[in-house]
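Please read it alongside the model.

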2 protein chains.
Amino acid sequence: MTWSSPEPILVEALRGEMVESHHCGAYAVVDAAGRVVLAQGDVEHPVYARSAIKPLQALPLVETGAAEHYRLGVKEIALACASHNGTPAVVAAVEAWLNGIGLAPDDLECGADAPIEQAAAQALVRARQSPSPLHNNCSGKHAGFLSTARYRGESTRGYIDAGHPAQRRVLAALSSMTGLDLERAPHGTDGCGIPVVGIPLKAMARAMARLADPAGLAAERAAAARRILDAMAAEFLIVAGTSRFTREVMRVGAATVRLKPGAEGVSCAALPQHGLGVALKISDGAGRAADVAMGAILVRLGMLDPAQAAALEGVLRPPIKNIAGHVVGELRPVPAAFR
Amino acid sequence: MTWSSPEPILVEALRGEMVESHHCGAYAVVDAAGRVVLAQGDVEHPVYARSAIKPLQALPLVETGAAEHYRLGVKEIALACASHNGTPAVVAAVEAWLNGIGLAPDDLECGADAPIEQAAAQALVRARQSPSPLHNNCSGKHAGFLSTARYRGESTRGYIDAGHPAQRRVLAALSSMTGLDLERAPHGTDGCGIPVVGIPLKAMARAMARLADPAGLAAERAAAARRILDAMAAEFLIVAGTSRFTREVMRVGAATVRLKPGAEGVSCAALPQHGLGVALKISDGAGRAADVAMGAILVRLGMLDPAQAAALEGVLRPPIKNIAGHVVGELRPVPAAFR
């Protein structure tokens, strides 16, 4: 006996006359009260949110008062929410932030990784320099964890461990925002070493909706939510890193959309003008499909007007090109999955 | 109304306590007479074989007499079947081959692409050199097409077009080996610019079985099939390129397995000692899952004895590591899909 995927096909990869590959997945669009506005697939099944919930993981940085104490600006808050591109400007900003809290790049426990931007990675290669933890696309998020630990006078060593107060604060914020007790949720380790917990898409979307519509939150958290979403809009280039989809959608739809994709085909959005949150997971983990599915949801919800959708055609239905640069296919949403 | 994937789950990605992602797909194991020995999913649905059928695409190179005429050796035949790594040695071999037929790198129409081996790509960056078409992992296959065109006195320009005699010969060989008229099969363009045609996995596996068990083929084609499979075994490092799975399986199981993966989650094998062919497609196009599924099929068929399977544990169930290098999960076959 074998099992098929329980999830519907959301995205197809067309090549020439034929669909070559397809991607199944599930998504939920939810308001701050937890009402499901739109959904496909099993939205109760736990999913690791990976980097798609960096905006939620940044809540303690602001609401502990650490951000205020260390005079962190829009740029640092955006870096905490970013999968940054590892360019010299970004690396310098994270290093300056660490210096400002009395720490150094060696205190980062995210692991050294090459910049995800190709030109920045190649510049390092040409200079015969090894990547440092600063280049890791998560170094801003980690600087945020270190900031709360320093501010609270905690040991910074081991700040990535599930038992460290920095991660306890993140888990408490996630539990509160999702409305779930995540203490016993299935867990694992993220690419950057911090804990990941399984969260149903419906609850993940609700947490994003509460960021988008924080009126029902305690005053400090509501202020933190607003500050985080404002920073994401103001510094969307930092947040997006090398994700062309994320960058272009936030450029064109900045007033209505705060977007953050994560590894393994997860993507989340907060829609402040409508008080909605979106969470989606492509079952096979493909980021190319997560982008296309998120685009289709935003169009379906009316977050992008026809002119905006037209301007974004190249990322909503991205062409597939061959090595010589000719268009030989496209990624496209399956219309029936977004009605 | 929405549609789920019709294919069974073949491979899971585990992270910590939970399956994070899964991959659906289909496969067929077939003998030279077309009898299905083992199968899962829809094996009648057309699939683009991409680079997984390079050994079949190399048939005209040998059976036209071009390989003999230009005194091509084991290395060149292996290059024609390879997704090579673009290292200096391989690039020099393709360039020498082109020189030997009176052509130059500029005659390649596959497009310039960076070497897929990281060290080779970084060496180019350090030397401030742009990649050339020689570095394209398909340049050996293209040198093969150019060789048949030169040998037959055809124009070499446009040798990647579906109407060029070089591609007509490939399509004729594929039709004959699959037992299908592929003239009206759904078609498109491969990453390297040549035509791709949709072939059901069952027919693709049969074509691989005929390579493995060529007794029923015309003498010239049978000789070509043996020469191609021998070259793949002798120069498996060239064929495998940077695919650790392909390299290790052919290293350990060289006597029994000839393996070639392709883009978008396709993989093919010829099993000469057993006269079988294998073709598989991961529905979402993930190569990581194609490797794991192919490994499970080879174990199921007894192609790898327990000692060999133990030696290959690291590629049959590859660990998932975080950036710091710690194991945080694994890719694994779903046992029920390989019974």
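The points below take the interface, then the helix packing.

1. Basis. This is a predicted model: local features need pLDDT of at least 70, side-chain atom pairs count only at pLDDT 80 or more, and totals for chains, interfaces and linings use all residues. Residues are numbered from 1 along each chain as its sequence is written, chains are lettered from A in the order written, and side-chain values use heavy atoms, without hydrogens or water.

2. Extent of the interface. Chain B and chain A bury about 4,400 Å² between them, 56% of it on carbon and sulfur atoms. Buried area is the accessible area (1.4 Å probe) lost on putting two parts together, summed over both. Each side counts residues in contact (heavy atoms within 4.5 Å): 54 from chain B and 54 from chain A.

3. Salt bridges. The interface has 4 of them, a salt bridge being a side-chain nitrogen of Lys or Arg within 4 Å of a carboxyl oxygen of Asp or Glu. A:Arg50 and B:Glu20 form one, at 3.0 Å, N to O.

4. Elements on the chain B side. Strands here are DSSP runs of E, at least two residues; helices are runs of H or I, at least four. β2(B) gives the most to the side that touches chain A, with 6 residues.

5. Helix pair. α5 (residues 88-100) and α7 (residues 139-151) of chain B pack at about 10°, axes 10 Å apart. Angles under 35 degrees count as roughly parallel, so α5(B) and α7(B) are roughly parallel to each other. Axes are lines fitted to C-alpha atoms over the stretch in contact, and angles run from 0 to 180 degrees between N-to-C directions. B:Val94, B:Trp97 and B:Leu98 in α5(B) meet α7(B) residues including B:Ala143 and B:Leu146.

Notes:
Parallel < 35°, antiparallel > 145°, perpendicular 65-115°, else oblique.
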